[in-house]
Amino acid sequence: MPLFLPLLLQAYDPEIEAVMNRSRRQKQAEVAAAAASPSATRTDGRIPVPAKYAAPFQACLDEATQSPEAGVAFAQKWRIDGGSFYARHCMGFAYARAERWSPAIVAFEQAAEEAEREGEVAQSARLWAQAGNAALASGDAAKARQNFDAALARGMADGLEKGEVHLDRARALVALGEGGAARESLDVALAQAPQDPLGWLLSATLARRQGEMRLAQAHVARAVQLSPDDPSVALEEGNIAILTDHADVARSAWERAVKLAPDSPAGKAAADNLSRLPQAAPAG
């Protein structure tokens, strides 16, 4: 086994960074996408916004999308004019658009507290989760875990949304070095959101880090099945293959990661791994 391979099992390496951490911009997009649609009727399982708030909420989101500063100003005025927690929600959205994570966290937390005071516990849970996502994007894993715990404590219904909260909670726990607790949250995430390839990818990565190679192989195979063109999935497939003495599979997977996204963290880590592999013997 090449000497570089034990690096895959150390406390930190480029692979774990590439696989476990999404970019700030990607997480910003997730925080933004989590803003509730103001439609009074929903078909996606999310909680509708009452008609009283729907139009100004949409207008606020539109302002924030075009200009975060304008969105903040709109939200501040609307809050004074009786916008309830929806105004603070939009304020958090606007700050997240600007990647101003500290005020985004505060706005989402305040929105969550106000929603709960108004008896909107389900909305409060969703807002705590958005505060956790903003904290995760800021790099504050401890604050993220605290906010994800607050969301789950408010009794989120079973399904995709609950699974996603557990998934991001697991990411925070990995960053905090709490692998056992991360495994518990990942297991819930896999049960609640089995079609999300990221859950299987993170589970495989964690299993690989903990030396549970059979589990790692099974879960990365599921991630590949669900997302065959994801460079992070290809990177991890190679990592697990090389540690289970399948060098040919590792080479193929890492080459796929490089081809898919050569300038991404996953592509660069895969290229580095390939450079350390012995050259294949010429045919014949």
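Visitor: Let's start with the overall make-up: how many helices and how many strands are there in the protein?

Guide: This is a predicted model, so keep that in mind throughout. The protein has 15 helices and zero strands. Of its 284 residues, 51% are buried. Among contacts with a separation of 6 or more, 57% join residues 24 or more positions apart.

Visitor: What makes Cys60 and Cys90 a disulfide?

Guide: Their sulfur atoms are 2.1 Å apart, and the cut-off is within 2.5 Å. A disulfide is a covalent bond between the sulfur atoms of two cysteines.

Visitor: Why is the disulfide of Cys60 and Cys90 given a handedness, and which one is it?

Guide: Look at the torsion about the S-S bond: it is about -100°, so the disulfide is left-handed. As for what it connects, Cys60 lies in helix α3 (residues 51-66) and Cys90 in helix α5, so the bond ties together parts that are 30 residues apart in sequence. Both Cys60 and Cys90 are buried.

Visitor: Staying with α3, how is it oriented against α4, and how do you know?

Guide: Two packed helices are described by the angle between their axes and the distance between the axes. For α3 and helix α4 (residues 68-80), the angle is about 150° and the axes are 5 Å apart. Roughly antiparallel begins over 145 degrees, so α3 is roughly antiparallel to α4. The crossing of α3 past α4 is left-handed.

Visitor: Which residues in α3 and α4 meet?

Guide: From α3 you have Tyr53, Pro56, Phe57, Ala59, Cys60, Glu63, Ala64 and Gln66, and they meet Pro68, Ala70, Gly71, Phe74, Ala75 and Trp78 of α4. Sorted by class, the contact of α3 with α4 has eleven nonpolar, two polar and one charged residues.

Visitor: What side chains are we talking about where α11 and α12 meet?

Guide: On the α11 side, Pro197, Trp200, Leu201, Ser203, Ala204, Ala207 and Arg208 take part; α12 brings Met213, Leu215, Ala216, His219, Val220, Arg222, Ala223 and Leu226. By class, that contact of α11 with α12 has eleven nonpolar, two polar and two charged residues.

Visitor: Is Ser203 buried or exposed, and how do you know?

Guide: Ser203, in helix α11, has a relative accessible area of 0%. Buried means under 20%, so Ser203 is buried. Leaving aside its neighbours within four places in sequence, Ser203 is in contact with Arg183, Leu186, Leu190 and His219.

Visitor: What about Leu226: how does its accessibility count?

Guide: Leu226 sits in helix α12 and comes out at 25% relative accessibility. Buried would need under 20% and exposed over 50%, so Leu226 counts as partly exposed. Beyond its neighbours within four places in sequence, Leu226 is in contact with Pro194, Gln195, Asp196, Pro197 and Trp200. Its C-alpha is 10.0 Å from that of Leu201, which is 25 residues apart from it along the chain.

Visitor: Why is Glu99 called partly exposed, and how does Asp245 count?

Guide: Exposed takes over 50%. Glu99 has a relative accessible area of 26%, so it is partly exposed. Asp245 is at 64% relative accessibility, so it counts as exposed.

Terms used. Residues are numbered from 1 along each chain as its sequence is written. This is a predicted model: local features need pLDDT of at least 70, side-chain atom pairs count only at pLDDT 80 or more; totals for chains, interfaces and linings use all residues. Side-chain values use heavy atoms; hydrogens and water are left out. Contact means heavy atoms within 4.5 Å. Helices (H or I, at least four residues) and strands (E, at least two) are DSSP runs, numbered from the N terminus. Ala, Val, Leu, Ile, Met, Phe, Trp, Tyr, Cys and Pro count as nonpolar, Asp, Glu, Lys and Arg as charged, and the others, Gly among them, as polar. Buried means under 20% relative accessible area, exposed over 50%, partly exposed in between (1.4 Å probe, protein chains only). Axes are lines fitted to C-alpha atoms, for helices over the stretch in contact, and angles run from 0 to 180 degrees between N-to-C directions. Angles under 35 degrees count as roughly parallel, over 145 as roughly antiparallel, 65 to 115 as roughly perpendicular and the rest as oblique. A crossing is left-handed if the near helix is turned anticlockwise from the far one by less than a right angle, and right-handed if clockwise.
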